[in-house]
Amino acid sequence: MSPKLKMTSTDLNFYYGDFQALHNVNLQFQECQVTALIGPSGCGKSTYLRCLNRMNDLIPISRVEGKIMLDDEDIYDPSLDVVMLRRRVGMVFQKPNPFPKSIFENTAYGLRVNGVKDKAFIQHRVEESLKRAALWEEVKDRLDDTALGLSGGQQQRLCIARALAVEPEVLLMDEPASALDPIATQKIEDLIHELKELYTIIIVTHSMQQAARVSDMTAFFYMGKLIEVGETDTVFTRPRFKQTEDYITGRFG
Ligand SMILES: Nc1ncnc2c1ncn2[C@@H]1O[C@H](COP(=O)(O)OP(=O)(O)OP(=O)(O)O)[C@@H](O)[C@H]1O
């Protein structure tokens, strides 16, 4: 069976006021694959990632042209429910950002916001999400403790559990391990391996080693343009363009 396309961007341009941050980006994401977005600082990786769940809508001067499809839905269609979109396309940020609430309430947050009231259901979903985020064993006896007492790595896995609790289909990760030590980073990378069975994952990373370890596909951005995309092994061993080669061999960026 050929893999199914989960998201696609077609001729995507993005502007912050007069500044064009993305130029004509055409990119496709297959279901249950991990795609790494790499490139030097300021090349538009995070901007692109935020287009995928309309997080940039929150920036008043911003403007989007082109099309992004999630399955067969145009996510910029004016009739689209953005809250529903962000439920389907979840996001984990660079710095763990748990709320000053208990571990349980952090995990249940998205369900409560979505109006879920059934206590047994919430309980079940919290446990399942914490298990999927590989955190359950560490927190199961202290679910009512504040999330702020967890280590940075645990907080990030809690943020992943929070994102998973609303059953997303796509998970966007913006440098999810850059604030973590090597052991916590390894745990996040192991987790990404497990999660891709169930979710389509798109990850921005500055670490080439991380991209090589976790992703199936790699997309290289430079100055707001997608330079090349392909299977991770190929991009790292036989890049088609000199800019990609210069970047992955550390000649710039
Ligand atoms: N809110 C904003 N307003 C105006 N310009 C912005 C805004 N956010 C980003 N930019 C600009 O858009 C360009 C792309 O930024 P973006 O953060 O997407 O790049 P990046 O590749 O993710 O960088 P980094 O790796 O450093 O996080 C940069 O020139 C940046 O200065």
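## Ligand shell

Helix α1 gives the most to the shell around the ligand, with three residues. The model is predicted. The residues around the ligand are Y16, F19, A21, G39, S41, G42, C43, G44, K45, S46, T47 and I59. Two elements give two or more residues to this shell: β2 (19-30) and α1 (45-51).

By class, the shell holds six polar residues, five nonpolar residues and one charged residue.

## Overall fold

The protein chain has 10 helices and 10 strands. Its C-alpha trace spans about 55 × 45 × 40 Å along the principal axes. A compact globule of 253 residues would have a radius of gyration near 18 Å, and the protein chain agrees, with 18 Å. Of the 253 residues, 41% count as buried.

Contacts were also split by sequence separation. Among those between residues at least 6 apart in sequence, 69% join residues at least 24 apart.

The unreviewed UniProt entry carries the annotation "domain: ABC transporter" for residues 7-248. That span is 37% helix and 27% strand. The C-alpha atoms at its ends lie 26 Å apart.

## Nonpolar core

In soluble globular proteins, nonpolar side chains tend to be buried together. Here the largest nonpolar core has 66 residues. Within this core, L37, L171, L172, I201 and I202 touch the most other members. Helix α6 gives the most to the core, with six residues.

Take L37 as an example. Leaving aside residues up to four places away in sequence, L37 touches K45, Y48, L49, I202, V204, A219 and F221.

## Helix α3 and its cover

Helix α3 covers residues 103-113. Its buried residues are I103, N106, T107, A108, G110 and L111. What covers these buried residues includes α4 (119-132), α5 (136-139) and α6 (152-164).

Just after α3 comes G115, with a positive phi of about 85 degrees.

Most residues other than glycine have a negative phi. Two residues are set apart here. D11 has a positive phi, near 45 degrees. R54 also has a positive value, near 60 degrees.

D11 lies in strand β1 (residues 5-16). R54 lies in the loop between α1 and β4 (62-70). Is each site buried or exposed? D11 is exposed, because 11 other C-beta atoms lie within 10 Å and the cut-off for exposed is 12 or fewer. R54 has 17 within 10 Å, so R54 is partly exposed.

## The loop at S207

Where is S207? S207 sits in the loop between β8 (200-204) and α8 (208-214). With 16 other C-beta atoms within 10 Å, S207 counts as partly exposed.

S207 and I38 are 169 residues apart along the chain, yet their C-alpha atoms are separated by 8.1 Å.

Definitions and conventions:
Residues are numbered from 1 along each chain as its sequence is written. This is a predicted model: local features need pLDDT of at least 70, side-chain atom pairs count only at pLDDT 80 or more; totals for chains, interfaces and linings use all residues. A residue is near a molecule or strand if its C-beta atom, placed from the backbone, lies within 6 Å of it. Helices (H or I, at least four residues) and strands (E, at least two) are DSSP runs, numbered from the N terminus. Ala, Val, Leu, Ile, Met, Phe, Trp, Tyr, Cys and Pro count as nonpolar, Asp, Glu, Lys and Arg as charged, and the others, Gly among them, as polar. UniProt positions are given in the numbering used here, feature names are shortened, and annotations may be inferred rather than shown by experiment. The radius of gyration is taken over C-alpha atoms; the globule rule is 2.2 Å times the number of residues to the power 0.38. A residue is buried if 20 or more other C-beta atoms lie within 10 Å of its own, exposed if 12 or fewer, and partly exposed in between; C-beta atoms are placed from the backbone. Two residues are in contact if their C-beta atoms, placed from the backbone, lie within 7 Å. A nonpolar core is a set of buried Ala, Val, Leu, Ile, Met, Phe, Trp, Tyr and Cys residues joined through C-beta atoms within 7 Å.
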